[in-house]
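Good morning, and thank you for coming.

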Amino acid sequence: MATTCSHKDESRKSVSVTAHGVAFMRSLESSIDPEVRMFHDPYAVALAGEAGKSFVVDKHGMPSVPMINGMSVRTKRIDDAFESNSLKQICVFGAGLCTRAWRLKKTTIEPVSYFEVDFPEVFAFKLSTLKDANAVSEFDYHAVETDLSVQGWPDHLIAAGFDPKVPTFFILEGFVNYLTLEEVTSFFTVLSTTLAAKGSTLVMTCATPVTQASVNMHNMHRFFPENPMEFFGQFGWSGKQELVEDLALGYNRPLDE
């Protein structure tokens, strides 16, 4: 694990507060009837803490049904992509308080390397909280402390054991919108040319200008591509764009119900 991290933008440390809020909303989903809930995160309450509840409640009163359902649908869709993946290396950028490495199972009997990348203060809280909860991961887990908006971050990832020659399942959940256009361009240039071996796959969430106009976005959000598929296609990625509203209907969890 890297032992140092230099924040180019100190204000970005508040991103971890949004991670507490996301964990709080995962705890709400996890608390409902097991017959209808979309997933169960046994660590969400501890990770959310009062910081998560305060962030969500103070900002929104109480989270609306569309907000909770939207977050649950997002989590479920990435869980499904995760569980259908059979690659031997996983990398989560801007991991925050994600718990997939502990609450989900490997899809193969072979060893799977699992890398999470985020700021040191995120891991300091997260890993100690999970340890107190006796959480155990089936994966060969590595926490990589670095600032993804500054040069040199790939060195920290590779030093932790990441193999750029191995096809990798990348997860970018609630991450790219916190970067500037310049930072996103730099990040994806490095990812696509240096770290993503042939056969790698990627799942990502991304807010557009339509989202920005219709949702009370956190003031830390900076990047809203008009056409995400076209933008990320310039870095060699192809696939499909799924709207959370359509996913919600597919999961029989309409956002407004």
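Let me begin with a definition: pLDDT is the predictor's confidence in each residue, on a scale from 0 to 100. We need this term because the model before you is a predicted one. The chain has a mean pLDDT of 88, and 88% of its residues reach 70 or more. Over residues 1–7, however, pLDDT stays under 50. For that stretch the model has 18 contacts beyond four places in sequence.

I turn now to helix 5, which runs over residues 120–132.

Which residues of helix 5 are buried? They are V122, F123, K126, T129 and L130. These residues cover an arc of only 145° around the axis, and therefore they lie on the same side of helix 5. On the face turned away from the buried side, helix 5 carries the exposed residues A124, K131 and D132. After helix 5 comes N134, whose phi is positive, near 60°.

Finally, the cysteines. Are C91 and C98 buried or exposed? C91 has a relative accessibility of 0%, so C91 counts as buried. C98 is buried because its relative accessible area, 8%, falls under the 20% cut-off. As for disulfides, where two cysteine sulfur atoms must lie within 2.5 Å, the count comes to zero.

Methods
Residues numbered from 1 in each chain as written. Predicted model: local features only at pLDDT ≥ 70, side-chain atom pairs only at ≥ 80, totals over all residues. Heavy atoms only, no water. Buried < 20%, exposed > 50% of the residue type's maximum accessible area, 1.4 Å probe, protein only. Helix = DSSP H or I, 4+ residues; strand = E, 2+ residues; numbered from the N terminus. Expected span 1.5 Å × (residues − 1). Arc of directions from axis to C-beta. Contact = heavy atoms within 4.5 Å.
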